[in-house]
Amino acid sequence: MSTLEPERGTGTGTLVEPTPQTSHGDGDHERYAHYVQKDKIMASALDGTPVVALCGKVWVPGRDPKKYPVCPMCKEIYESMGAGGDDKGKGKGDK
């Protein structure tokens, strides 16, 4: 038997590697509502500029945040800010 041939009974197979999950930035893949400054949401609605959530996620909002649970990281950051918010005016933490 040649060393280049497979042993009898072992058969051949195909190694299938999983396809990596890629994000297209629409935010739909996470299914979370994020905390963002209200004025940033308004600006995004008018001119389509991306917003940055407290957790660091950057995207252009386009879905109803009431349909999704709040991002755990945004919620934790917002709650740690206290009632007055920080110096940047993120006190209300709009979704």
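Guide: The questions below go from the whole chain to single residues.

Visitor: In what order do the elements run from the N terminus on?

Guide: This is a predicted model. Its secondary structure comes to 2 helices and 2 strands. Read from the N terminus on, the order of these elements is α-β-β-α.

Visitor: How much of the protein is made up of buried residues?

Guide: The protein exposes about 7600 Å², of which carbon and sulfur atoms supply 52%. A residue counts as buried when its relative accessible area is under 20%. Of the 95 residues in the protein, the buried share is 20%.

Visitor: What share of the contacts with a separation of 6 or more is between residues 24 or more positions apart?

Guide: Two residues are in contact when heavy atoms lie within 4.5 Å. Among contacts in the protein with a separation of 6 or more, residues 24 or more positions apart account for 51%.

Visitor: Is S44 buried or exposed?

Guide: S44 lies in helix α1, which covers residues 38-47. This helix is hardly covered, as the count of buried residues among its 10 residues is 1. S44 has a relative accessible area of 5%, and the limit for a buried residue is 20%. Because 5% is under that limit, S44 is buried.

Visitor: Which backbone oxygen does the side chain of S44 reach?

Guide: Leaving aside neighbours within four places in sequence, S44 is in contact with T49, V51, V60 and P61. Just after α1, G48 takes a positive phi of about 80°. At 2.8 Å, the side chain of S44 reaches the backbone oxygen of T49.

Visitor: How many disulfides does a search of the whole structure find?

Guide: A disulfide is a covalent bond between the sulfur atoms of two cysteines. The search of the whole structure finds 0 disulfides. C55 is in no disulfide, and its nearest cysteine sulfur, that of C74, is 3.6 Å away. The cut-off is 2.5 Å, so the sulfur of C74 is too far from that of C55 for a bond, and the number of disulfides found is 0.

Visitor: Is C74 buried or exposed?

Guide: C55 counts as partly exposed, at 22% relative accessibility. C74 has a relative accessibility of 0%, and because this is under 20%, C74 counts as buried.

Visitor: How far apart in space are K75 and H34, C-alpha to C-alpha?

Guide: K75 is found in helix α2, residues 72-81, and is partly exposed at a relative accessible area of 40%. Leaving aside neighbours within four places in sequence, K75 is in contact with Y35 and V70. K75 and H34 are 41 residues apart in sequence, yet their C-alpha distance is 8.1 Å.

Visitor: How far apart in space are M73 and L54, C-alpha to C-alpha?

Guide: M73 lies in helix α2 and counts as partly exposed, at 48% relative accessibility. In sequence, M73 and L54 are 19 residues apart. From C-alpha to C-alpha, their distance in space is 7.9 Å.

Methods:
Residues numbered from 1 in each chain as written. Predicted model: local features only at pLDDT ≥ 70, side-chain atom pairs only at ≥ 80, totals over all residues. Heavy atoms only, no water. Helix = DSSP H or I, 4+ residues; strand = E, 2+ residues; numbered from the N terminus. Buried < 20%, exposed > 50% of the residue type's maximum accessible area, 1.4 Å probe, protein only. Polar contact = N/O pair within 3.5 Å; in protein donor to acceptor, adjacent residues only side chain to side chain. Areas by Shrake-Rupley, 256 points an atom, 1.4 Å probe, with all protein chains shown as cover.
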